[in-house]
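Dear colleague,

Please find below the structure that I am handing over to you. The notes after it set out what was found.

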Amino acid sequence: MQPAIRRILPGLGIVAVAFAVIGAVAAAARSTLPASPPGAEPPGRGVRELASQLDAVLAKRAAAAGIEPAAAADDLAVLRRTWLAVAGTIPSLEEIRRFEADPRPDRLDRWLAAILANRRSAEHLAGVLADAFAGTDGGPPFVYRRDRFTSWLADALHAGRPFTEIVSEMVAGDGLWTSEPAVNFVTQAASGGRVDENALAGRVARSFLGVRLDCAQCHDHPFAPWTQGQFEGLAACFAAVRLSPLGVRDSGPAVLRIEPAMAAAGMMPETDAEAAEQMPAMAARRVPPQVPFDEASFTGSGSPRKRLAAWITHGGNRRFERAVANRCWAIAFGRPWHDPIDDLPDPGPAPSADDPLDLLGRSFRAGNGDLRETIAAICSTAAFRRASTHPDLDDTARAAAVTQAWAAFPLTQLPPGTMIAAMIQAGSVRTIDPDSHLLVRTVQFLRSVDFTREYGGGDPNEPATIPQALVRMNGRLARELCEANAFSGPGRVAGLARSNEARLDALFLACLTRRPDATERESLLPVLAAGEPARGVEDLYWSLFNSAEFCWNH
Amino acid sequence: MPTSEPPSTLLPTAIAAACPRRRLLAAASALGLSFLLPPLAARAAARRGRERSRSLITLWLAGGPSQLETWDPHPGTAIGGPTRAIATAIPGVKIASDYPRVAERLAHFSLIRSLVSREGDHERGTHAVRTGYRPDPVLPHPALGAVAAHELPTAGLDIPAYVALGSDGFPGRGGYLGGRFDPYRVFVPGLAGQNLVPHVRDARQERRLVALRGLDERFAAGRGVPVGATLHDHTLEAAVALMASEQLAAFSIADEPAAVRAAYGETPFGRGCLVARRLVEAGVRSVDVTLRGFDTHAANFTGHAAQAAILDAALAALVDDLADRDLLESTVVLVAGEFGRTPRINPLDGRDHWPHGFSCLLAGGGVVPGQVVGATDPEGVAREPERPVTVGDLSATVLAALGIDWQRELMTPIGRPLKLAEGTPVEGLVAG
């Protein structure tokens, strides 16, 4: 072979590899969403009836407060909210195009049903619930596998398993945390071969009963009727749990031994009887498993955890269904019906047709216990589909009343994970979903990890901080996503759109799920016209990512 | 006011002779001639010396530093391993021989050798020592640095009042005080702050900001009150102002003399300590600097020797620098980790987690130097140390040394009143 050709061949090889890589990357974000939403039956009559009942309750409240509800929101605005609530991201440009091309009058209902049936929503909801039920701390290494826990939850939700079953497995499950992932609910509180019963008691009460008992760990609750004894009884349900290489089992004695600090410090009186007389709560004592209310239903044979699971989920426990309802409300609206989300007012003597928590709770019990139906009902209400603008929201004196009456859709901050997902989706035009190429999802994951590390957890109830604003404005992820190259959203918008008007529309749709109004066209078209369209597109992507409208759900 | 200097017999004269600038600075502060020192950032920190309001520098030794290989060695015992001990500037007190420079300067410090927490897990232990409270699922506690920033606000400071330098798995947080007391994190200290440089040049950046402001104005129409409550624009403008602030120069060590940079050590942690001094000078209230690598479940002795090489230089240089610049009386320095390590050496020549008697160092501010609190069993048999000091007591001590009332109760968002620290300052450790 001639020397010259020999020199060229490796170069050709490199070029071939490069093309292969480019081809793979170009194919990477291919979506498999078919032409119309799959299996797109609208939600059933039950869901629509429930939605009407909820709207009736809210209408009464608004009327009583003398507030006119806000006008109906644009379909695209509702689509955006639905995606944020259910899928934890915003609709992609191609999803928006297909939605707008859908001529059916009930297209919002159908698209809601479609996204709820999609695996993406199960994964997002599983993440939200895992944070709520198992906390956001790292948890003990090896015995707590959050990834398994979340994917088990996603599978269960996607399969439509009754939520009562899911909760029972979490509370009462046995086995290894890798093969029986439900037990990670318990192992999150693991500590030296056992579990922290107090942490679990508090967690069970907040997650599944909508009650904060935590104060009662150390003394009778200062402003609620819970006693320390009730807390200890609940904790005792977990006293038998032991962790071994075989997993979680109830192999210990089913009684909670309490040795107060005074005993440890050698300050105990001579006998237990004396202690019990002087300071009942200070005596060393053994507490059997018990529940804090409705003791009569804490029956049956089986381990205390199995009895506890049955007690939590049984049909007469209205706190359970109300807690579920409140969480679903928060998933849809970004704010729970009652705040704090895990500390609800006591249920009345009977379910009330004026209390959305009771309406949703009863319906949840009557149906299959599929959380997605409850969420579907909420997202089908007129309240969910109202605008977030309202004339009284410009008036300091009246704004609070509008918010309390749910007369306009509330403004809530996107959690960091959702904001990242939205930025990445907006920056990529094609839909990113479980069918997306692994490369794309890996890149998404890695970028998210870095961004999250710098951005921090973030309490959605609190405004973003200056360091967080700096990450959004100047951080690496923002720079990468705004960059106009062959494969990025900005690059495609700049390259494929035929005019600056079309580019501006595409930008706004990709980021804000709407078109620009006349004033915005007037002030922003010059940005695109100023130099290379690609630069203007990059600039506007940046501005849109940092806008309040992008960072807040509305 | 003169800062306490170690007896001159322990200070190698060669070092003193080689650093005429240091001698001059030391002499200036000793004679009360602080005004001869380089001026502090104009508005942020008006004074030096005792009258200055106090700051906190926390050197966080992540992973659980072994007390036996740092400040509480027990050479020649069954648990001591190969670690030797050296005399220090505090008569009768010895520390591990890997810390000669700290030993020379130990008279600035007090030691606590009997810290106890009930948390043997890294995340929980870090929370316990950083906040003085056990982790609570319902109420996130603020780190000491956040408490200091909250209780002692600084006027005219553009930089965030609580800064965390270095990479840390479990950084301090603002907790129930709010996200604005979360630390501003700079992962690689010494070059610049974090995320302060816009992606594009001035004219383009200005165009971007104009477009952004227009978008936000339109968004507020019909949503004025809730949008105002988001503080989105307020935060944005504050971030933009910070990006243009002159005080940002504190994050860069480029204009520090080479000798100073060499003294701290050309390591990320060493640079971090130098940045910490600069930040405190600029008026920042709390700075955390993290050094990782102390979690030596295997090869404990070689691992700790490597860490000592970094920490000894940086800590000694920091204390010298603060003293020379007349900042030691107004800067509390805490050197601590989440727990200690087991007296028993495991089969991998390592030590495991031990929250039942571990050590920390305190210096500066209202700390009374030269004290040693508590003792651990040289045979490693007794589990509890003598004179145990809880994490709540440590918090109270640090807050008292900062001049903060540790018993002040704040109403937390869950309706529970909570003291800034549960515990009491260790007797004899805080002046006044």
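Two strands are said to pair if DSSP finds at least two bridges between them. Helices (H or I, at least four residues) and strands (E, at least two) are themselves DSSP runs, numbered from the N terminus. This is a predicted model, in which local features need pLDDT of at least 70 and side-chain atom pairs count only at pLDDT 80 or more, while totals for chains, interfaces and linings use all residues. Residues are numbered from 1 along each chain as its sequence is written, and chains are lettered from A and ligands numbered from 1 in the order in which they are written.

Strand 11 of chain B

With that definition in hand, please look at strand 11 (residues 356-363) of chain B. Strand 4 (residues 109-116) of chain B pairs with strand 11 of chain B in the antiparallel sense, over six bridges. One bridge joins B:Phe109 to B:Ala363 of strand 11. Strand 8 (residues 331-336) of chain B also pairs with strand 11 in the antiparallel sense, over three bridges. There, B:Val335 stands opposite B:Leu361 of strand 11.

Is strand 11 of chain B enclosed, or is it open? A residue is called buried if 20 or more other C-beta atoms lie within 10 Å of its own, exposed if 12 or fewer, and partly exposed in between, with C-beta atoms placed from the backbone. Eight of the eight residues of strand 11 of chain B are buried, so the strand is largely enclosed by the rest of the structure.

Chain B as a whole

Chain B has twelve helices and 15 strands. Of its 432 residues, 53% are buried. Two residues are in contact if their C-beta atoms, placed from the backbone, lie within 7 Å. Among the contacts in chain B between residues at least 6 apart in sequence, 72% join residues at least 24 apart.

Domain bounds come from an automatic or database domain assignment. For chain B they give domain 1 (48-193 + 252-419) and domain 2 (196-247). The C-alpha centres of these two domains of chain B lie 37 Å apart. Five residues from domain 1 of chain B and five residues from domain 2 of chain B take part in the contact.

Chain A as a whole

Chain A has 27 helices and eight strands. Of its 554 residues, 49% count as buried. For contacts in chain A with a separation of 6 or more, residues 24 or more positions apart account for 69%. The domain assignment of chain A gives domain 1 (121-254 + 289-313), domain 2 (256-286) and domain 3 (411-554). The C-alpha centres of domain 1 and domain 3 of chain A are 39 Å apart.

Helices of chain A

Seven of the nine residues of helix 11 (residues 228-236) of chain A are buried, so this helix is largely enclosed by the rest of the structure. Among the buried residues are A:Gln230, A:Phe231 and A:Leu234. Their cover includes helix 10 (197-209), strand 5 (256-258) and strand 6 (285-287) of chain A.

Two packed helices are described by the angle between their axes and the distance between the axes. Axes are lines fitted to C-alpha atoms, for helices over the stretch in contact, and angles run from 0 to 180 degrees between N-to-C directions. Helix 8 (residues 163-172) and helix 14 (residues 304-313) of chain A pack at an angle of about 150°, with their axes 9 Å apart. Helix 8 and helix 14 of chain A are therefore roughly antiparallel to each other (angles under 35 degrees count as roughly parallel, over 145 as roughly antiparallel, 65 to 115 as roughly perpendicular and the rest as oblique). Residues that meet here include A:Val167 and A:Val171 in helix 8 and A:Leu308 and A:Ile312 in helix 14.

A:Ile331 lies in helix 15 (residues 318-333) of chain A. A:Ile331 is buried, with 23 other C-beta atoms within 10 Å. Leaving aside neighbours within four places in sequence, A:Ile331 is in contact with A:Ala85, A:Leu125, A:Val128 and A:Ile375. A:Pro245, in the loop between strand 3 (241-244) and strand 4 (247-250) of chain A, is exposed, with 5 other C-beta atoms within 10 Å.

Where the chains meet

In the model, 52 residues of chain A are in contact with 42 residues of chain B. Helix 21 of chain A gives the most to the side of chain A that touches chain B, with seven residues.

Yours sincerely
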